[in-house]
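Student: Give me a close look at the helix packing here, please. I'd like the geometry and the residues that do the touching.

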Amino acid sequence: MKICLIAPLFDPWLVGGAEIYAKTLAKELSLEHEVIVITTIGPIHRKKNQFDYKFKIIEIKPNNISTLYDMIKNDASIGFIKKSLWHFLDLWNLSSYLKIKSILKAEKPDLVHTNGIQGFSPSVFSAIKELRIPHIHTVHDLSLISRWVSLFRNGKPVSRLNLLDRMYVFYLNKLSSNIDAVMSPSKFTLDFHEKLGYFKNSRKYIIPNGSTIDKNAKPKEGTGLEFLYLGQLSEFKGPQIVIQAFKRITDKNTKLHIAGEGPYLDTLKLLARGDERIIFHGFIQGEVLDEVFNKCSYLVFPSLGYEAFGKVAVEAMNKGLPVIASNIGGIPEVVKDGYNGFLFKAGDVDSLCRIIDIVIKDNELLSKLSKNAVEYSKQFSIEDQMKSIKNVYSNILKS
């Protein structure tokens with residue numbers, strides 16, 4: 001079988017979960033099938049076979065005022081007019097349409113699996129439809145609903161769509177109406193789209209994002225005094241909520257580790273100033289991240305906006321860390337209150353502070369929650385995820 005994966009961003013330029021998903025999928029599928037990846041051109045020239053992959057990567061540069069990579073990496077420095085123009089041109093990009101259609105005609109894949117359209121524009125959907133190639137789409141976020149992607153504006157999640165949002169929904173509804181199958185990492189994310197009329201003619205599947213799971217992972221013991229925030233340092237992700245809550249904790253033996261990078265770093269350091277218990281690690285991975293996981297007892301996942309899933313929560317659970325998380329988006333489908341962690345109302349500093357205080361003082365709580373967390377994480381393996389995706393491919397091709 002010949003499979004075409006379309007991903008706006010791709011390895012080695014990984015920004016978030018969608019890019020890791022596409023990379024993992026391409027590597028796994030290429031063990032049994034012929035795989036091509038269509039992506040946008042990166043910030044530097046890609047060397048041929050630079051990672052010795054068994055699949056082909058085809059980069060294109062859609063005509064716009066800037067590349068997708070530049071828009072993401074330099075987001076804070078790009079002016080409003082330039083950003084607005086870029087988004088306007090990305091509403092239906094003729095250049096993307098012609099280039100992707102030409103590639104698909106030449107490569108003749110058995111199916112196409114799209115993983116986002118930003119940077120390519122919805123013209124991707126039109127190209128696939130006109131060539132009558134079976135089309136599967138994975139919903140990684142809310143970008144089909146709003147150009148803001150996360151539906152997070154003015155410091156809070158959007159609960160009511162404005163006129164521009166509704167016009168965009170009507171437009172994308174039409175262009176995405178011929179997708180054969182849709183996969184979503186959570187029921188919340190799929191329901192959000194369905195309530196707005198998306199995917200009426202598509203088969204629908206909920207397939208949680210997989211992680212590299214250690215089947216022999218050991219739960220933690222003792223008292224939990226060290227907490228971890230792991231992720232992007234942006235307002236949307238809520239690290240400021242953790243710092244505000246932690247500064248109210250009077251126990252001098254507690255520590256808060258913050259691992260990640262992002263535009264909110266200076267604001268967070270200013271907020272944490274004067275409290276030596278709060279430690280900033282920057283972006284860490286590999287053995288350094290494992291050391292931090294070993295030190296810490298709980299992960300705090302304080303998102304203020306609609307998370308499509310909670311992959312970082314699953315990864316932390318497999319390391320033995322119960323998760324204290326906000327009850328928003330797809331997070332409650334992963335974090336079960338009182339079983340493998342605790343849930344609090346998104347943005348509620350008082351509630352988070354009370355939970356932290358409870359887990360610090362209860363000497364038996366960590367052992368119970370950690371055991372449950374490790375066991376619960378085992379159902380989210382990459383192997384199970386890949387098996388489910390392949391089954392979707394098979395079902396669509398048969399039909």
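This is a predicted model: local features need pLDDT of at least 70, side-chain atom pairs count only at pLDDT 80 or more; totals for chains, interfaces and linings use all residues.

Tutor: Numbering runs from 1 along each chain as its sequence is written, and side-chain values use heavy atoms, without hydrogens or water. H4 spans residues 94–107 and H5 residues 123–130 (helices are DSSP runs of H or I, at least four residues). They pack at about 35°, with axes 9 Å apart (axes are lines fitted to C-alpha atoms over the stretch in contact, with angles from 0 to 180 degrees between N-to-C directions). On the H4 side, the contacts (heavy atoms within 4.5 Å) come from Ser96, Tyr97, Ile100, Lys101 and Leu104. Across from them, H5 brings Ser123, Val124, Ser126, Ala127, Ile128 and Glu130. By class, that makes six nonpolar, three polar and two charged residues.

Now set H8 (residues 239–246) and H9 (residues 265–272) beside that pair: their axes come within 10 Å and cross at roughly 5°. H8 and H9 are therefore roughly parallel (angles under 35 degrees). Here Pro239, Gln240, Ile243 and Gln244 of H8 touch Leu268, Leu271 and Ala272 of H9. That contact has five nonpolar residues, two polar ones and no charged ones.

Note on methods:
Helices (H or I, at least four residues) and strands (E, at least two) are DSSP runs, numbered from the N terminus. Ala, Val, Leu, Ile, Met, Phe, Trp, Tyr, Cys and Pro count as nonpolar, Asp, Glu, Lys and Arg as charged, and the others, Gly among them, as polar. Angles under 35 degrees count as roughly parallel, over 145 as roughly antiparallel, 65 to 115 as roughly perpendicular and the rest as oblique.
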